[in-house]
Amino acid sequence: MVFTESTPISLKPDKSAKKQRQAWCRARTKAGRPCQATAVERGLCFFHANPERLAELGRQGGRKNRRWEPEPPGVTQKPLKSVADVGALLEETINKIRSGPFDLRAANAIGFLAGNLLKALEKGRTEQRLAHLEALVGCKGGADIEAFDFRPVKEQTHEQPSAATEGD
């Protein structure tokens, strides 16, 4: 028996031949280039043949990939009327984040909104203090009072002492 050297026969079809036999989608992308997907029906890929199905699949994927869940119905609404209330909310949020799974996007939103709320509370507190001071002074928000008149003062000319008062 004589053995000759030869290349082994592959049982799998050649990949380049497989690509040549595939029909490509005839449609064009939004960018104007040919679609690179394999044609399945009427010379179009699945998505170009069924554009209405594409929107539904996108919605399903969006719902499936949602990473946050709404708060359970037992969560109570907290009034945030003072700096202490906002501090308590932030403390609770920080503890929830540290203790277990908590949506970080929600935590970021809570932190951002709490910062804005603290600024608003401080502004309201400043306005209340100003109104209290105005009430104490007797000012009605626009009356001219010398102590609170911040307009530039005209320079006063100092009179030269008269000769009669110099000798005194």
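## Reading labels from values

User: Why is Phe46 called partly exposed?

Analyst: Its relative accessibility is 36%. Buried means under 20% relative accessible area and exposed over 50%, with partly exposed in between (1.4 Å probe, protein chains only). Before we go on, a word on the model: it is predicted, local features need pLDDT of at least 70, side-chain atom pairs count only at pLDDT 80 or more, and totals for chains, interfaces and linings use all residues. Residues are numbered from 1 along each chain as its sequence is written, and side-chain values use heavy atoms, with hydrogens and water left out.

User: And what makes Phe47 count as partly exposed?

Analyst: Phe47 has 41% relative accessibility, so it also lands in the middle class.

User: How many aromatic pairs are there, and what makes the pair of Phe46 and Phe47 edge-to-face?

Analyst: The count comes to 1 aromatic pair. Phe46 and Phe47 form it, at 5.4 Å centre to centre and with 80 degrees between the planes. Rings of Phe, Tyr and Trp (its six-membered ring) pair if their centres lie within 6.5 Å; planes under 30 degrees apart are stacked, over 60 edge-to-face, and the rest tilted. The centres meet the distance limit and the angle is over 60, so the pair is edge-to-face.

User: Which residues of H4 are buried, and what puts them on the same side?

Analyst: Val86, Leu89 and Thr93 are the buried ones. They cover an arc of only 60 degrees around the axis, which puts them on the same side of H4; the arc is taken from the directions from the helix axis to the C-beta atoms. An α-helix has 3.6 residues a turn, so residues three or four places apart point the same way. On the other side of H4, Ala84, Glu91, Arg98 and Ser99 are exposed.

User: Why is Thr93 called buried, and what does it touch?

Analyst: Thr93 has 7% relative accessibility, so it counts as buried. Contact means heavy atoms within 4.5 Å, and, not counting residues up to four places away in sequence, Thr93 touches Phe102, Ala107 and Ile110. The buried residues of H4 pack against helix H5 (104-137).

User: How do you know that H5 is close to its expected span?

Analyst: H5 has 34 residues and reaches 49 Å from first C-alpha to last, close to the 50 Å expected at 1.5 Å a residue. Just after H5, Gly138 takes a positive phi of about 90 degrees.

User: Two lysines next: is Lys81 buried or exposed, and what about Lys96?

Analyst: Lys81 lies in the loop between helix H3 (51-64) and H4; with a relative accessible area of 69%, it is exposed. Lys96 lies in helix H4 and has 30%, so it is partly exposed.

User: What makes up the largest nonpolar core?

Analyst: Cys25, Ala27, Cys35, Leu44, Cys45 and Ala49, 6 residues in all. Such a core is a set of buried Ala, Val, Leu, Ile, Met, Phe, Trp, Tyr and Cys residues joined through side-chain atoms within 4.5 Å. Leaving aside neighbours within four places in sequence, Ala49 is in contact with Glu41, Arg42 and Leu44.

User: What share of the chain is buried, and how many helices and strands are there?

Analyst: Buried residues make up 8% of the 168 residues. The chain has 6 helices and 0 strands.

Terms used: Helices (H or I, at least four residues) and strands (E, at least two) are DSSP runs, numbered from the N terminus. The expected span of a helix is 1.5 Å times one less than its number of residues.
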